[in-house]
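I opened the notebook to record what I looked up in this structure, one topic per entry.

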Amino acid sequence: QSLSSPTFHWPNPLLSYADQQLYEGPVGIVVANCNPRDDTTVSAQWLRLAYHDMATHNVDDGTGGLDASIMYELDRAQANLVDALEDFNGFAMGITPFFGMADMIALGVVFAVVGCGGPIIPFSAGRVDATVAGPATVPEPQQDLATHIELFRQQGFNETEMIALVACGHTIGGVTQVDFPTIVTDPSVVVDTFDTTPAFDNAIISEYLQNTTQDVLVVGPNITTRSDFRIFSSDGNVTMQNLLSPDTFSETCTALLQRMINTVPSTVNLTDPITEPFGYIINDPLFSYQDVTMLWADQQGDSVCPSAGCSVQPYNTQPVSFSIIGQAMGLAATRDFFNATINATSSISKFWFEINNDDSDPVVVDNGGSGFVIEQDPTLSLFLDVLRSVGVGGGPTVVFRLVVAILGDAASITGSITTFEPFSFAAAPPFLPEINVISLELDESNPPEGGYTFFTANVSLVPSIFLDITANVGGVTYTLENVDLNTASNFIRPV
Ligand code: HEM
């Protein structure tokens with residue numbers, strides 16, 4: 001039996017990162033237990049933020065959509081995005097060179113809905129961040145039904161979908177008095193919630209159909225701003241009746257919110273949706289004991305590994321602590337740590353795993369048959385030498401004295417490290433990553449060895465900093481992209 005994922009083939013930094021964020025990432029902590037904030041919930045704020053970002057889409061010319069253009073649109077009258085600055089700052093911590101703010105906003109929706117007990121929306125990654133504001137096309141409550149139908153058509157949703165999408169959005173949160181004093185007229189109310197439950201559930205539907213709704217966009221004193229009433233009743237309540245079934249509500253909202261977060265400019269391609277974790281093999285509860293072996297094959301030279309592969313057992317096994325999404329799926333898994341000593345001459349071409357259970361054939365985890373192939377030129381031209389690198393200075397900014405090995409003579413080599421720091425120190429959006437280029441200096445403390453010359457640069461670490469390392473050797477350029485310093489730092493010794 002061979003285990004593999006139809007979506008995922010290693011290496012794929014984007015899908016690996018998205019998978020890890022979904023099932024183990026920190027984003028969900030902020031929205032867990034439908035966390036309240038400012039008399040509404042963080043979940044409601046994140047869902048509205050994402051809808052406003054996406055509302056710039058225009059199906060007619062394929063522009064706009066969920067592209068983080070909202071970072072440039074916060075001064076708009078209909079914005080009123082309470083706590084958005086704090087959210088962007090938090091989201092910025094999770095961005096990488098290949099997973100930007102728009103992906104974080106979309107991921108926020110998936111966590112927000114689960115955080116309030118709603119369904120799990122399959123997540124795709126690959127959005128591209130805009131660099132300017134989009135058109136002002138967020139619907140406003142005083143606009144008439146025809147305007148709303150046209151705005152939703154431009155965003156890619158027909159009339160029935162418009163009704164359901166608004167209901168799926170307005171099942172959480174409410175209208176803030178200070179932002180909309182003509183809608184919420186009682187100044188003692190902070191937020192007038194759309195329904196009686198903070199949960200992502202169909203109370204918004206049942207209360208509307210029972211005429212007990214408190215949604216001020218349905219029954220508020222100002223008739224002009226009863227936009228939810230005009231929308232919900234626009235097809236004689238047929239769609240609302242349909243959504244009364246909790247299963248239909250859940251399935252419809254999953255499909256529409258997935259479409260909402262996947263509404264991107266037509267030039268952007270998203271990954272297939274991630275519906276199950278592929279970063280690890282899920283424990284089968286029927287197997288009481290699982291014995292995992294890592295195997296690998298030679299790259300070149302006289303074979304050192306037997307034909308069945310060299311092998312090593314894990315030196316440590318730890319339970320995986322899942323995010324609220326993993327918890328909602330009832331996942332349980334363990335992570336095995338291996339320390340494989342690879343012969344320097346024969347090297348490694350690929351690795352794979354075998355899981356042995358007492359009562360059945362071994363399960364082979366081999367990346368869909370190919371194994372986990374390690375691409376490398378026969379003579380490794382450039383690598384980050386983690387064993388020669390050291391951590392210097394602790395405290396809030398850890399500094400690493402990185403050592404890079406480059407094949408060739410010092411006289412013919414120039415090199416640099418480009419650092420990507422997701423966290424921005426900007427006081428206002430846009431929160432863009434800090435990208436810096438640092439020159440590599442000849443490393444006097446590590447004399448040349450085995451044809452390699454060693455170079456060094458000091459780099460400071462913030463969470464998930466990524467590096468590109470570039471060397472020019474006698475006119476030929478070599479680049480190592482997206483080196484994850486956070487992971488590498490686990491192997492770098494302090495000075
Ligand atoms: C005609 C379309 C819509 C109109 C006129 C409208 C209007 C409004 C208004 C006036 C508020 C109060 C905002 C505040 O006080 O800060 C609000 C809140 C909200 N809207 Fe909409 N909305 C529309 C569609 C949607 C859609 C499609 C979604 C998402 C799928 C959505 C999600 C939300 C959420 C989650 C909140 C609560 C925010 C919070 O509690 O902080 N809305 N909407």
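The entries below go from the domains to the ligand, then to helix packing and strand pairing.

**Entry 1. Model and domains.** I noted at the outset that this is a predicted model. I then looked up how the protein chain is divided, and found domain 1 (2–261), domain 2 (291–373) and domain 3 (382–494). For domain 1 and domain 2, I read a distance of 41 Å between the C-alpha centres. Their contact takes 16 residues from domain 1 and 16 residues from domain 2.

I asked which elements give two or more residues to the side of domain 1 that touches domain 2. They are strand 1 (2–3), helix 1 (13–24) and helix 4 (101–115). Helix 4 supplies the largest share of that side, four residues. By class, I recorded nine nonpolar, six polar and one charged residues on the side of domain 1 that touches domain 2.

**Entry 2. Shell around the ligand.** I looked up the surroundings of the ligand and found 26 residues, the closest being Thr40, Pro139, Gly169, Gly173 and Thr176. Two or more residues of the shell come from each of helix 2 (42–54), helix 6 (159–169), strand 4 (174–176) and helix 9 (227–232). Which element gives the most to the shell? Helix 2 does, with five residues. I also noted the classes in the shell around the ligand: 13 residues are nonpolar, ten are polar and three are charged.

**Entry 3. Helix 6 against helix 11.**

I then listed the residues that make the contact. Helix 6 brings Glu161, Ala164, Leu165 and Cys168, while helix 11 brings Thr252, Cys253, Leu256, Leu257 and Met260. By class, the contact of helix 6 with helix 11 has seven nonpolar, one polar and one charged residues.

**Entry 4. Strand 6 and its partners.** I turned to strand 6 (residues 291–297), which pairs with strand 10 (residues 350–356) in the antiparallel sense over seven bridges. Within this pair, the bridge partner of Thr293 in strand 10 is Glu354. Strand 6 also pairs with strand 7 (residues 310–312), again in the antiparallel sense, over three bridges. Here I found Leu295 opposite Ser311 of strand 7.

**Entry 5. Strand 19 and its partners.** Strand 19 (residues 452–461) runs antiparallel to strand 15 (residues 398–407), and ten bridges join them. I recorded Thr453 of strand 19 as the bridge partner of Ile406. Strand 18 (residues 441–442) is joined to strand 19 by two bridges, also antiparallel. Leu442 has Phe455 of strand 19 as its bridge partner.

I then examined strand 16 (residues 413–421) and strand 20 (residues 466–473), which run antiparallel and are joined by eight bridges. In this pair, Thr419 has Leu467 of strand 20 as its bridge partner.

Key
Residues numbered from 1 in each chain as written. Predicted model: local features only at pLDDT ≥ 70, side-chain atom pairs only at ≥ 80, totals over all residues. Pairing = 2+ DSSP bridges. Near = placed C-beta within 6 Å. Nonpolar A, V, L, I, M, F, W, Y, C, P; charged D, E, K, R; others polar. Contact = placed C-beta atoms within 7 Å. Domains from an automatic or database assignment.
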